[in-house]
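Me: I'm new to this one and would like to go through its charged side chains, so could you show it to me and then take my questions?

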Amino acid sequence: MSQDPTRDPAPHLTDPEGALRALVRPELTQLRAYAAPSGTPPIKLDANESPWPLPAALRARIAADLAELPLHRYPDPRAERVRAPLAAQLGAHPDQLVLGSGSDEVIALLCTALARPREGRARAVVLYPTPTFVMYRITALAHGLEPVEVPLRADFSLDVPAMLAAIAAHRPSLVFLATPNNPTGNAFADDALRAVVEGARDALVVIDEAYAAFAGRSLSAWCDAYPHVALLGTLSKVGLAAARLGWARLPSALAAEVEKARQPFNVNALSQAVAALALGALRPEFDAHVAAIVAERTRLGAALSELPGVHVAPSDANFFLLRFDADPAPRVARLAADGIAVRHFTGHGAALERCVRVTVGTPRENDALLAALAR
Ligand code: PMP
């Protein structure tokens, strides 16, 4: 058949990039990418990491382990050397665990698996209080699920009546509750958490314990008490952010389904080896770092509270959320000039207006931060 010369050329010929963009899910084109902090400032207090590298002897131990890895082979798809000690630590059956490249990946796996809309709805709903970890929203949207956000109270506690009303109205498939919460730093009260858990019995309620080590307790036992409760955890905050190892403890039947969505080799052999050491031989070192961070948190929190013009939110995590009376942008810029990176929440909504998050650093780093803020 001959071409009609009067017809417009196809869009993929005149604007190939626009034609490709038109194929992208609209939620994505409207989304702003997660701006993970990058670079290595001298004093890095912007990403809630542990401030301490491992001592040289322990790094040598890890290097020796890594040197033995058969790097020409695929890794163990079930990551048994991580799964087994982790299950023992959590008091779970190994088959209840889904492991991922950070808990970020596990959040994505849950959104993949639980994306089926309820009857009469166009999209499955993911519900969470805000402000909270931004990846719940980004991951929900990126997977075609509908995020529903319920504001926390002014003191960052859970607004239980509002949560229950939103759960009843939106019938979420997934509810995320980060406790301690990021970026506010507080752990939610047990009775408030329990009310939300009991009000969402036909959803999977995911208690994200990324910062639980700093609160000194876990709600792991709730998984036994409630068949619809899952727990999310990570090694990132206790000293192994680079290793990328996160997990969910799920109800067994659901874990088997989520496992089907997981890429078989999602946790690489190097991460498996390092994580296995962290859960075993190196555990005392990481526990000591957590204890030191908690002690520094007390000292740093007290000193920050003495500074004029800043309100310090109480923290159960390894960071503080500070609210300044005046726009903190010039201060954040001056800190950056001094080599101190912190996280400034501009454009993140009214609840985080004039807010800056600072990770608890080493004593020396915290002294430098305090001195710089006092100037
Ligand atoms: N949950 C919460 C509440 C977080 O703050 C973070 C990291 N910022 C994560 C999960 C993800 O951590 P990772 O992917 O490093 O395990």
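**Salt bridges and one aspartate**

Me: How many salt bridges does the structure hold?

Reply: The structure holds 19 salt bridges, where a salt bridge is a side-chain nitrogen of Lys or Arg within 4 Å of a carboxyl oxygen of Asp or Glu. Please keep in mind that this is a predicted model, in which local features need pLDDT of at least 70 and side-chain atom pairs count only at pLDDT 80 or more, while totals for chains, interfaces and linings use all residues. Residues are numbered from 1 along each chain as its sequence is written, and side-chain values use heavy atoms, with hydrogens and water left out.

Me: Okay, which residue does D338 form a salt bridge with?

Reply: D338 pairs with R375, and their closest N and O atoms are 2.7 Å apart. Because D338 sits in the loop between α16 (329–337) and β11 (340–341), and R375 in the segment after α17 (363–374), the pair ties together parts that are 37 residues apart in sequence. Helices (H or I, at least four residues) and strands (E, at least two) are DSSP runs, numbered from the N terminus.

Me: And is R375 buried or exposed?

Reply: R375 is exposed, with a relative accessible area of 62%, whereas D338 is partly exposed at 42%. Buried means under 20% relative accessible area, exposed over 50%, and partly exposed in between (1.4 Å probe, protein chains only).

Me: Which residues do the salt bridges that share partners join into one network?

Reply: That network consists of R78, E80 and D95. Within it, the side chains of R78 and E80 meet in a salt bridge at 2.6 Å, N to O; R78 is partly exposed at 29% relative accessibility, and E80 is partly exposed at 34%.

Me: Changing topic, where is D46 found?

Reply: D46 is in the loop between β1 (43–44) and α4 (56–67), and this residue is buried, with a relative accessible area of 7%.

Me: What does the side chain of D46 make a polar contact with?

Reply: The side chain of D46 makes a polar contact with the side chain of K44, at 2.7 Å. A polar contact is a pair of N or O atoms within 3.5 Å; within protein, one must be able to donate a hydrogen and the other to accept it, and residues adjacent in sequence count only if both atoms are side-chain atoms.

Me: Which residues does D46 touch, not counting those up to four places away in sequence?

Reply: On that count, D46 touches P37, A341, V342, R343, R357 and T359, where contact means heavy atoms within 4.5 Å.
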